[in-house]
Amino acid sequence: MKKMFLILLCVSLTACSTDKINQSIPENKYDFSEQVEPYNIDVYIDQIDPVISNLDYIRMDSVFYDDENQTKVIITDRTIENILQIYLEYEKNHDTYDLINFFDLHVKKLSSVDVDILIYKIINKIEDDFDGHQSVVLESEFNDMIVDYITRITDTFLNSFEVSADLLNEYPDMYQYIDKLKRIVNGGYQIRRYEDQYYMFTDYSSFLLRYKDYYSEETLAAVEILVRESRNLVWINDILQVDNEAMAYRTDQIESFMKNYPNSQYYQIMRNYYVDYLTAIVSNPNNISVNNLRESVYSNEKIDEFNKIIERYSGSQMARILSDLVETIESNTLKYDEEKIAEIINKIGVTY
């Protein structure tokens with residue numbers, strides 16, 4: 001009888017306990033069926049594209065910029081949370097002019113990590129699209145435009161260029177062609193004249209510097225190198241534009257970057273510069289001259305120049321390579337030996 005009483009008591013308590021728990025939990029408290037609506041990237045791109053793809057878009061460092069310029073675009077927290085996915089989708093069908101404007105529109109709200117990622121992607125896009133733009137300076141429209149012009153092609157020149165009736169008659173799409181040039185010179189490229197010919201180069205100084213306050217230390221260090229290299233060109237039409245001393249300074253700066261940031265996403269870009277520049281020092285045609293015996297030789301002055309560079313940058317891999325060069329030259333009685341120079345250049349390729 002006692003056993004039966006205990007069983008009834010437990011059942012009664014369990015029922016009471018269950019009722020209390022059920023009463024304390026609001027209905028649908030843990031209803032997981034409600035989900036956050038997915039972010040619609042296409043809708044946002046449709047909103048911003050007319051703004052940032054327009055040639056009248058004003059970037060943040062312009063004297064004409066003010067906050068009212070961007071009031072038509074509402075940038076929400078969810079937009080920033082999805083910014084990398086939005087960029088990847090937008091990049092598919094847009095040129096570098098649009099991509100720089102995309103970055104410009106959002107940069108003030110981005111985290112330092114997102115800033116670094118987007119800048120790196122834009123730089124790579126500029127590099128990747130370079131070959132596809134080079135032919136612009138070979139087109140007949142271009143040659144007829146600049147027939148009386150001898151300096152760099154700038155946005156100011158393009159905006160003030162007057163299309164004559166004859167030119168428009170010859171090229172009915174001339175205004176569209178000028179717009180194409182505007183997108184190029186504002187999209188990370190420069191068109192410069194050398195002697196009697198125009199050439200196109202990358203131009204990082206035209207847009208990277210305006211965002212320097214937003215970069216991480218690593219990205220800023222990379223940007224400073226990229227800006228310098230695009231401002232002061234080393235090669236134009238395969239002709240070296242700087243001497244060994246200037247080349248050595250640049251090479252040392254790049255080597256320092258690779259030592260400080262061995263895991264940098266810019267490492268390969270910097271390594272390419274390093275190999276090219278150090279190779280240029282070693283193989284510079286100005287290093288040698290022809291003697292009375294019609295032999296290619298190095299002068300004592302050139303050896304002194306190499307030794308000064310080695311001393312100034314002692315401890316660097318560049319100094320080690322140039323020490324090998326001097327030793328090779330002196331062991332060959334200052335004569336130029338193409339095979340030995342090729343061996344030193346191979347060493348450069350495996351330095352980093």
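Which element supplies the largest share of the lining of the largest pocket? In this predicted model, that share comes from strand E2, with six residues. The pocket itself has a volume of about 790 Å³, and 28 residues make up its lining. Nearest its centre lie Glu 127, Phe 130, Phe 201, Thr 202 and Tyr 273. Besides E2 (197–202), at least two lining residues each are contributed by helix H6 (112–133), helix H11 (217–231), strand E3 (235–236) and helix H13. By class, the lining of the largest pocket comprises 16 nonpolar, seven polar and five charged residues.

Helix H13, one of the contributors to the largest pocket, covers residues 267–283. The geometry of H13 was compared with expectation: at 1.5 Å a residue, its 17 residues should span 24 Å, and because the C-alpha atoms at its ends are 24 Å apart, the two values agree. H13 is also mostly covered, as 13 of its 17 residues are buried.

The largest share, three residues, comes from H8. The lining of the second largest pocket is divided into eight nonpolar, seven polar and eight charged residues.

Across the whole structure, the search returned one cavity of 30 Å³ or more. The largest cavity holds about 30 Å³ of space. Its lining is formed by Tyr 298, Thr 328, Ile 329, Asn 332, Lys 335, Tyr 336, Asp 337, Lys 340 and Ile 341. Helix H15 (317–331) and helix H16 (338–349) each contribute at least two residues to the lining of this cavity. In terms of residue class, the lining of the largest cavity contains four nonpolar, two polar and three charged residues.

Technical notes. Residues numbered from 1 in each chain as written. Predicted model: local features only at pLDDT ≥ 70, side-chain atom pairs only at ≥ 80, totals over all residues. Heavy atoms only, no water. Helix = DSSP H or I, 4+ residues; strand = E, 2+ residues; numbered from the N terminus. Expected span 1.5 Å × (residues − 1). Buried < 20%, exposed > 50% of the residue type's maximum accessible area, 1.4 Å probe, protein only. 1 Å grid on protein atoms, 1.4 Å probe; cavity = no way out; pocket = protein on both sides within 12 Å on 5 of 7 lines; lining within 4 Å. Points joined across faces, edges and corners; volume = space filled by probe spheres on them. Nonpolar A, V, L, I, M, F, W, Y, C, P; charged D, E, K, R; others polar.
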